[in-house]
Amino acid sequence: MDAFIFFICAIAALAGAFGVILARNPVHSALFLLLTLVTMAVFFLMQNAQLVAIIQIVVYASAIVVLFLFVITLLGVDQQESLAEPRRFQRPLAVAFGILLFAQIIAITGNHWATGAHSSAGPLDEPRTGNVQAVARSLFTDYIWAFEITAVLLVIAVVGGVVLARRSGQRAGEPVLEESNA
Amino acid sequence: VTAPDITPTYYLILASILFTIGGVGLLVRKNTLVMFMCIELMLNAANLTFVAYAKALNDISGQVIVFFTLVVAAAEVAVGLAIIVAIFRRRQDVTADDVDLLKG
């Protein structure tokens, strides 16, 4: 049964990934990305990562994909885009580098296996309470400093996003000056 | 035919394929939004690797790191999309080929 679910979801994930890079319309790319992200959540569930799977659905599949779709519609770039490539060697080189990258990853993970001491974070499941509590215990004890830093990171990202998204050096109500595209 | 046991190796191979597809897409596509989606794809492949190793080694810290990766990805999307909006305001286009002011 596990194998059945895995292969179905693996095919869906690969189809979604190919769809992202082959779709001419950015909206279709975003929806293919959604497919891959949801199958990824299934993989997380199959590997005893319940909390991460739910966060994947809530944060990635909802928030991030919706943000992508918002920006696509806001900018109005949802028309068909030409996939013609002006540089002759760009595509073959990209595929060659991709194959090289894949070979490197396989060579690294095929010849080595992670060994050594386990981290101090503990096993995957608490004895009676399960995976969510195990993640929470680790997050709020071993990784508390990193967790606090993420708060700072998110604040900086939000402030930076607001600063970048409003027109620079312009107050509300001022007329829009046409900027030259030199 | 008996179904094979799904070992962590299956997940690692799938993750490496997804990572490669994301990397090739990043090189091939010209629309900055789609390039961004390819980066998300690569981040997700890395997350799958972390979760697979967490399962294989029975160690929770792999999943905690995935949690942090998700936070960083969310922050990255917020800032990156704001940058794309700013570029679009200036150039009315989001094609990477046209943003070549730094070209020598």
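## Interface between chains A and B

Zero salt bridges are counted between chain A and chain B. The model is a predicted one. Chain A contributes 86 residues to the contact and chain B contributes 69 residues. Together the two chains bury about 7,000 Å² between them, and 75% of this area comes from carbon and sulfur atoms. On the chain A side, A:Gln47, A:Tyr60 and A:Phe68 supply 10% of the area buried against chain B, more than any other three residues.

## H3(A) against H3(B)

Helix H3 of chain A (residues 50–75) packs with helix H3 of chain B (residues 61–91); their axes come within 11 Å and cross at roughly 5 degrees. Because angles under 35 degrees count as roughly parallel, H3(A) is roughly parallel to H3(B).

The residues of this contact divide into 21 nonpolar, two polar and no charged. From H3(A) they include A:Val52, A:Ile55, A:Tyr60, A:Phe68 and A:Leu75. Among those from H3(B) are B:Gln63, B:Phe67, B:Leu70, B:Leu81 and B:Phe88.

## H3(A) against H2(B)

H3(A) also meets helix H2 of chain B (residues 32–57), with axes that come within 11 Å and cross at roughly 170 degrees. An angle over 145 degrees counts as roughly antiparallel, so H3(A) is roughly antiparallel to H2(B).

On the chain A side the contact is made by A:Gln56, A:Tyr60, A:Ile64, A:Phe68, A:Val71 and A:Ile72. Their partners in H2(B) are B:Leu33, B:Phe36, B:Met37, B:Glu40, B:Leu43, B:Asn44 and B:Asn47. By type, the residues of this contact are nine nonpolar, three polar and one charged. A:Tyr60 and A:Phe68 are listed in the contact with H3(B) and in the contact with H2(B).

## B:Asp93

B:Asp93 lies in the segment after H3 of chain B. Its relative accessibility is 27%, so B:Asp93 counts as partly exposed.

Leaving aside neighbours within four places in sequence, B:Asp93 is in contact with B:Ile87, B:Phe88 and B:Asp98. B:Phe88 is also one of the H3(B) residues that meet H3(A). B:Asn31 is 62 residues from B:Asp93 along the chain, and their C-alpha atoms are separated by 9.0 Å.

## A:Val162

A:Val162 belongs to helix H6 of chain A, which covers residues 144–165. The relative accessible area of A:Val162 is 51%, so this residue is exposed. A:Val162 and A:Leu34 are 128 residues apart in sequence, and the C-alpha to C-alpha distance between them is 26 Å.

Technical notes:
Residues are numbered from 1 along each chain as its sequence is written. Chains are lettered from A and ligands numbered from 1 in the order in which they are written. This is a predicted model: local features need pLDDT of at least 70, side-chain atom pairs count only at pLDDT 80 or more; totals for chains, interfaces and linings use all residues. Side-chain values use heavy atoms; hydrogens and water are left out. Helices (H or I, at least four residues) and strands (E, at least two) are DSSP runs, numbered from the N terminus. Buried means under 20% relative accessible area, exposed over 50%, partly exposed in between (1.4 Å probe, protein chains only). Axes are lines fitted to C-alpha atoms, for helices over the stretch in contact, and angles run from 0 to 180 degrees between N-to-C directions. Angles under 35 degrees count as roughly parallel, over 145 as roughly antiparallel, 65 to 115 as roughly perpendicular and the rest as oblique. Contact means heavy atoms within 4.5 Å. Ala, Val, Leu, Ile, Met, Phe, Trp, Tyr, Cys and Pro count as nonpolar, Asp, Glu, Lys and Arg as charged, and the others, Gly among them, as polar. Buried area is the accessible area (1.4 Å probe) that two parts lose on being put together, summed over both. A salt bridge is a side-chain nitrogen of Lys or Arg within 4 Å of a carboxyl oxygen of Asp or Glu.
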